[in-house]
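Please look through the sequence and the model shown below before reading on.

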Amino acid sequence: MSVSPRLLLIYPATHTLGWVKRFQLPSLALNQVAAATPREWQVTIVDEVQEKLSFDGHYDLVGITAMTHQALRAYQIADRFRERGIPVVLGGIHPTVLPDEAAAHADAVVIGEAEPVWAGLLGDLRNGKLEKFYRSVPTGDKLEIPWARRELLAGRKYLTTQALQASRGCPYDCPFCTVTPHFGRTFRYRDPEDILAELRSYQGKLTVFLDDNILGDPLKARPILTGMVGMGLRWGGQANLRFAEDPEMVRLLAASGCIGIFVGLESADGLHANHPKTSGSSAQADLIKRIRDTGVVVEASVIFGFDDHDQGIFERTVRYLEKCAPSLPTFHILTPYPGTALFDQFQREGRMLHTDWSRYDHGQVVYRPRLMSPEQLYRGWVDARREAYSWSSIGSRMMRSPGKTVNLLYNILRRGGIYGREYDQAGFYDPSAPSSGVLQ
Ligand code: B12
Ligand code: SF4
């Protein structure tokens, strides 16, 4: 190994994106791995969404990240580098929940967060003692991580490179979500002063918090938001809607420069919560209105396909969303990810259709729903999206947020994505039909 060893970090892509790639974010996962890498290493990040990956370069180590839908592509890439004798480390959500599967394609697998184990792994590599698994187990309620190395992304065309996390984990444990299996039952925040110092180092305004639930602990979120007031940032993030039960928190959110917040909604008829319940004190519609009235865009997501969802769920949800009027409704097909309680349950019940991970992306049906067929679930999802983004639905949402040009723009962009997509591939719901595949 050379004096200045070389590390290549890769974000795999499953399909090519056209002009939309200009609106993508860089991988914070890889950027945090880079930040945890001792400075004698030369680090290169390749994001397949943005650029073509070359398999020819000379590297001492390749690190690849993978969410579930990226896993097969990650394994292809790993196999090719390993054929050349270059050691590969796999990490991220999917290798964390299925480390043995990932280990078949890697010299080492990082289970959990990189920061606590990464320098040790690199040391072992240099000493010829690389182990197969490196596991980090989060504890306590404090998160101490280095600032992301944004300079490695200089010159790249992303929506913004100002992406960070204030916290990791979530206080809830929804049965369909990978977050708690990934982080364990911990919810840790960084020191507010460290976050604010990182934010002050930013030159642009547009900033994205990639927390699972940045407002999940209002007591810890409050000093961060308070410190952001007056910084001139325009930021977005995601949270559970419960925070909006406190009107003061909503005012603070807007004052801190938040321009958009992504929230998960309980399903239309309230029969099956797909997110922790907001308390009975205020209906979701009131909470959404409370946020929207401050000018913050509310993107609200619903999931179709729970066991109590019949074919009427699509129509009921669209009507319900007309009442709630989030700025941007988002629809997902329930996807039981490996590692979740839901996956284990459906597996036990013999309801998983296949484990072609490239199809595990919330836009395809990979299990047998209880009260409808996979095709009915798929088509109901398609129709609900189309209806919610018809011109009349967009118009009616706009009437409730007059003067919000940015909101209209988001709606038009989303409509373009929905109406411009190819829907008639049986592979989206039929396991015997060919899958949309992975990049070669
Ligand atoms: C930001 C984000 C995105 C961004 C990703 C942008 C980007 N370039 O990375 C966007 C918006 C594109 C996105 C899209 C999707 N996402 Co997303 N996303 C997230 C989110 C909120 C944060 C991820 C993140 O950056 N975290 C910050 C980093 C620092 O943490 P980390 O990823 O855990 O990385 C650490 C460790 O895992 C490890 N690690 C990670 N990679 C590697 C690599 C190596 C080599 C090593 C050593 C270690 C290592 O070290 C890191 C530092 O400690 C997560 C929620 C979450 N908690 O992860 C969901 C999440 C990852 N997304 C999820 C999903 C489902 C999706 C979508 C499929 C949803 C959809 N259909 O819209 C799409 C996929 C679209 C596509 N085709 O690409 C799921 C993944 C479930 C799963 N099992 O795969 C999550 C967990 C959300 C959830 N609650 O379910 N997402
Ligand atoms: S509240 Fe959201 S992030 Fe937290 S466990 Fe539930 S789905 Fe996952």
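## Burial and overall form

A residue is called buried when its relative accessible area is under 20%, exposed when it is over 50%, and partly exposed in between, using a 1.4 Å probe and protein chains only. By that rule, buried residues make up 54% of the 440 residues in the chain. This is a predicted model, in which local features need pLDDT of at least 70 and side-chain atom pairs count only at pLDDT 80 or more, while totals for chains, interfaces and linings use all residues. Residues are numbered from 1 along each chain as its sequence is written, and side-chain values use heavy atoms, with hydrogens and water left out.

The chain holds 15 helices and 14 strands, where helices (H or I, at least four residues) and strands (E, at least two) are DSSP runs numbered from the N terminus. The C-alpha trace spans about 60 × 55 × 40 Å along its principal axes. Contact here means heavy atoms within 4.5 Å, and of the contacts between residues at least 6 apart in sequence, 74% join residues at least 24 apart.

## The largest cavity

A cavity is a set of points, on a 1 Å grid over the protein atoms alone, where a 1.4 Å probe fits but cannot get out, and its lining residues have an atom within 4 Å of a point. Grid points are joined across faces, edges and corners, and a volume is the space filled by probe spheres set on the points. The whole structure contains three cavities of 30 Å³ or more, and the largest has a volume of about 110 Å³.

Its lining includes Val-318, Phe-331, Ser-393 and Arg-400. Helix 11 (313-324), strand 14 (328-333) and helix 14 (391-400) are the elements that give two or more residues to this lining, and helix 14 supplies the largest share, four residues.

## Two residues compared

Which residues does Asn-407 touch, leaving aside its neighbours within four places in sequence? Asn-407, placed in helix 15 (residues 405-419), is in contact with Val-297, Ser-327, Met-398 and Ser-401. Asn-407 counts as buried because its relative accessibility is 2%.

Asp-107 lies in the loop between helix 4 (99-103) and strand 5 (108-111), and it is partly exposed, with a relative accessible area of 25%. Leaving aside neighbours within four places in sequence, the contacts of Asp-107 include Arg-82, Pro-87 and Glu-131. Asp-107 and Leu-90 are 17 residues apart in sequence, with their C-alpha atoms 8.2 Å apart in space.

Notes: Chains are lettered from A and ligands numbered from 1 in the order in which they are written. On a 1 Å grid over the protein atoms alone, a cavity is a set of points where a 1.4 Å probe fits but cannot get out, and a pocket is an open set with protein on both sides within 12 Å along at least five of seven lines; lining residues have an atom within 4 Å of a point.
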